Amino acid sequence: MIEARADIVGNIWKITARVGDQVAKGDTVAVLESMKMEIPVVAPAGGHVSRILVDVNQIVQEGDAVVEIDPTASA
Amino acid sequence: MFWEKPVTQLDADRTAPTAAQPTVPAPADQREVLTQRRDARFARVEPKGKRVHTARERAELLLDDGSFVELTPLRTAGPRPDGTPTGSGVVAGWGLVDGRPVVVACHDAAVASGAIGAVMAETIQAAQRFAIDRGYPIVYVNDSGGARVPDGIFALHGCGGIFALNVAAQQRVPQISLILGPCAGAAAYSPALTDWTIMVKGQGQMFLTGPDIVKAATGEDATAEEIGGSQVHTVTSGVSHLEVDSEDEAFDATRLLLSFLPSRKGGRQTVQSAVPANPGAVERLPHAVPEKSSVVFDMNAVLDGVLDNGARLELMPEHAPSILTLFGRLDGRPVGVVANQPAARGGILDSKASVKLARFVEFCGRFDLPVLTFVDVPGFLPGTVEEGRGVITHGAKVLKAYVETTSPKLTVVVRKAFGGAYIAMGSASLGAHVTWAWSGSEIAVMGPGGAVALLNRRELAAADDPDALRTELAARYREDVARPYLAAEAGIVDDVIHPEETRDRMVAALRMLTAGESA
C-alpha cells in the first residue's frame with residue numbers, strides 16, 4: 001500500500017477521490033486549504049483507492065497520509 | 001610562489017642534473033625507466049561495482065577532448081610492497097571546458113578506496129592553489145572513504161588544509177563537487193564547502209560515517225543509501241543540489257553549470273547571442289496566472305514567457321520545491337532566477353525554502369550574476385513546526401542575501417506578495433534595482449481575507465449577513481489597499497505592467513544595469 005500525503009499543514013477542504021477509483025501518478029485525490037491556497041494532494045503512484053484516511057475539515061500535518069492507494073490494482 | 005612545490009619520494013630519488021651534464025637526449029635505458037614508471041603509475045585497478053570509469057577517465061570525460069594535463073602525475077604516497085608506485089590517490093590537473101580553463105581533482109578509488117592521506121591532500125591543495133592563483137573554476141570528483149587511517153594526524157591535517165582552501169576559493173572561483181562513490185567524513189565535508197554538489201543516483205553517497213560505524217556508534221541499522229544516498233541529500237537534507245542517473249550525466253550537468261558561470265569572481269560573464277522567449281509561452285503569458293488567487297499554477301509557464309528559449313539548469317528541484325532556483329539566460333546573458341512555485345506547497349516560504357533561496361542569491365551575488373525574482377507568495381508558513389525549525393533565523397538569511405547582493409536585481413510580482421514574504425522576495429526595500437507588479441497583482445501586509453477578519457472584527461460580528469459583508473469588505477480592501485497602483489504611486493514598485501511587457505522591461509533594465517561592465 002502507498003499513501004498520498006499532505007505536502008503542507010492545512011485543512012482538508014475537499015476529498016475528490018472515492019474508494020475504488022483508479023488513479024494515475026500525479027492525480028489529485030484531495031485538496032487542502034492552507035495559506036488561503038487550494039493545495040492538491042496527489043497520488044505518488046497509480047493504483048486504486050483503497051481507503052480514505054481523513055475527513056473533510058480535518059487538520060493534517062505535513063507528511064500525514066490522506067488517501068491509501070493499492071498500487072497492485074493499477075491494471 | 002603561489003604553491004610550494006611538494007617534495008615527494010620520487011623527487012628525492014631523482015638525481016639532480018648538474019651543469020657538467022650535456023643536454024643530450026636521454027639514453028634508451030633511461031627512457032625505459034620513465035616508461036615503466038609511468039605505466040606502473042597509470043595502471044589502474046579495474047573499477048569495482050557500479051564505477052564505470054577510472055579517475056583519469058573521469059577527468060578526460062569531463063574536460064574537452066585531449067585537454068587534460070595532470071599535475072605531478074608521478075607523485076606517489078609510497079611504493080607498494082612489490083616496489084611499484086601507487087600514485088598519490090588523486091588525479092589532479094587542468095584542462096578546458098568549452099575552451100575555458102578548469103582545474104579538476106579526481107579521487108582515485110583504486111588507491112586505498114580513495115582515502116585521503118597526507119600526500120593526496122597535498123596534491124589536492126596544490127590544484128586548489130593553482131586554481132585560486134589563476135582564477136579558474138575547480139571541479140572536485142569525489143569518491144573517497146575519507147581520511148586515510150594509517151596516515152593518522154597527517155591525514156587530518158591534510159583534510160583540514162583542503163577545507164581551508166575550499167573556503168578561500170569561495171571568494172575567488174566557482175567550485176563544483178561531483179559525488180561518484182561513497183564519500184565519508186572529509187570527502188563529504190569538502191563538497192559542503194563548495195558551491196554546487198551533484199550526485200549520481202545509486203552510486204554516490206555522502207555521510208559522516210558509513211553503515212558499520214553508525215551501527216557501532218548508535219546501534220542504528222541503515223544502509224549506505226539510507227544514510228546518505230542521493231534521495232536523502234537532494235530531497236530531504238538539501239546537502240546536494242542535483243541528482244543525475246549516470247557519471248556521463250554528471251559531467252554533462254557540470255559542463256552546463258559552468259556555461260552559466262564566469263571563471264572567477266569579477267570575471268567576464270558568459271554572454272551569448274540573445275534568443276527570444278518561446279513564442280507559444282509568450283502568447284499564453286497574459287493567461288499564465290489564474291485569476292483566482294487561491295488556485296495553484298506552474299510558475300515555469302511565466303518563466304517560459306520571459307527568459308530566452310534555451311538551456312536552463314534548475315538546482316535543488318526536489319528540495320523545498322515551493323521555491324524555484326535556476327540558471328538561464330535573458331538577452332543572452334546568464335542570470336540566476338528565483339521564483340515562488342505555487343504548484344508546490346502553494347509557493348510558500350518556509351525554513352528549507354529560505355535556506356535554499358538565500359544560498360542561491362548569495363552565490364549569484366558573489367559571481368555578479370543578475371538575480372531575477374518572480375513573486376507569487378502567500379507568505380511565510382506559520383505554526384509550531386516552522387517556528388521550531390527556526391524559520392525566523394532562516395528567513396532572515398533571505399533578507400541578508402538580497403541586501404548584500406550587489407549584482408543587478410530585478411523583481412516582478414506576478415500575482416500576490418503578502419507580509420514579510422513580500423519583503424523577502426527581492427523587494428525594493430532590500431535593494432532591488434528595478435521592481436514591477438503585474439496589473440492584476442496584490443501587495444499588502446496580508447491578504448484580503450485575513451485583513452478583513454482582523455480590521456473589521458466588530459462590524460462582522462454585528463452584521464446581519466456577515467458573509468456578504470466580508471465579501472464586500474474584501475473587495476474594497478483589494479481595490480483600496482492591495483492593488484499594485486498604491487505601491488507604484490508610493491514609488492515602492494517602479495511600475496505596474498502587463499504580463500506581456502515583462503521580458504522587454506527586464507531586458508532593458510538588465511542592459512542598463514550592466515552597461516558599464518564591458519567599458
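## Strand pairing in chain A

In chain A, strand β2 (residues 10-15) pairs with strand β7 (residues 59-60) in the antiparallel sense, over 2 bridges. The model described here is a predicted one.

## Contact between chains A and B

Chain A contributes 11 residues to the contact, and chain B contributes 13 residues. On the side of chain A that touches chain B, the largest share comes from strand β5 (residues 37-42) of chain A, which provides 4 residues. Sorted by class, this side of chain A consists of 6 nonpolar, 1 polar and 4 charged residues.

## Two domains in chain B

The domain assignment divides chain B into domain 1, covering 26-259, and domain 2, covering 279-440 + 483-514. Domain 2 of chain B is therefore written as two segments, by that assignment. The C-alpha centres of domain 1 and domain 2 of chain B are 35 Å apart.

Between these domains of chain B, 10 residues of domain 1 are in contact with 12 residues of domain 2. On the domain 1 side, the elements giving two or more residues are α9 (230-237) and α10 (247-259) of chain B. The class make-up of that side is 6 nonpolar, 3 polar and 1 charged residues.

## Helix packing in chain B

Two packed helices are described by the angle between their axes and the distance between the axes. In chain B, helix α17 (residues 448-455) packs with helix α19 (residues 466-482) at an angle of about 110°, and their axes are 9 Å apart. Because angles of 65 to 115 degrees count as roughly perpendicular, α17(B) is roughly perpendicular to α19(B).

From α17(B), the contact is made by P448(B), G449(B), A451(B) and V452(B). From α19(B), the residues in the contact are R470(B), L473(B), A474(B), Y477(B), R478(B) and A482(B). By class, the contact of α17(B) with α19(B) has 7 nonpolar, 1 polar and 2 charged residues.

Definitions and conventions:
Residues are numbered from 1 along each chain as its sequence is written. Chains are lettered from A and ligands numbered from 1 in the order in which they are written. This is a predicted model: local features need pLDDT of at least 70, side-chain atom pairs count only at pLDDT 80 or more; totals for chains, interfaces and linings use all residues. Two strands pair if DSSP finds at least two bridges between them. Two residues are in contact if their C-beta atoms, placed from the backbone, lie within 7 Å. Ala, Val, Leu, Ile, Met, Phe, Trp, Tyr, Cys and Pro count as nonpolar, Asp, Glu, Lys and Arg as charged, and the others, Gly among them, as polar. Axes are lines fitted to C-alpha atoms, for helices over the stretch in contact, and angles run from 0 to 180 degrees between N-to-C directions. Angles under 35 degrees count as roughly parallel, over 145 as roughly antiparallel, 65 to 115 as roughly perpendicular and the rest as oblique.
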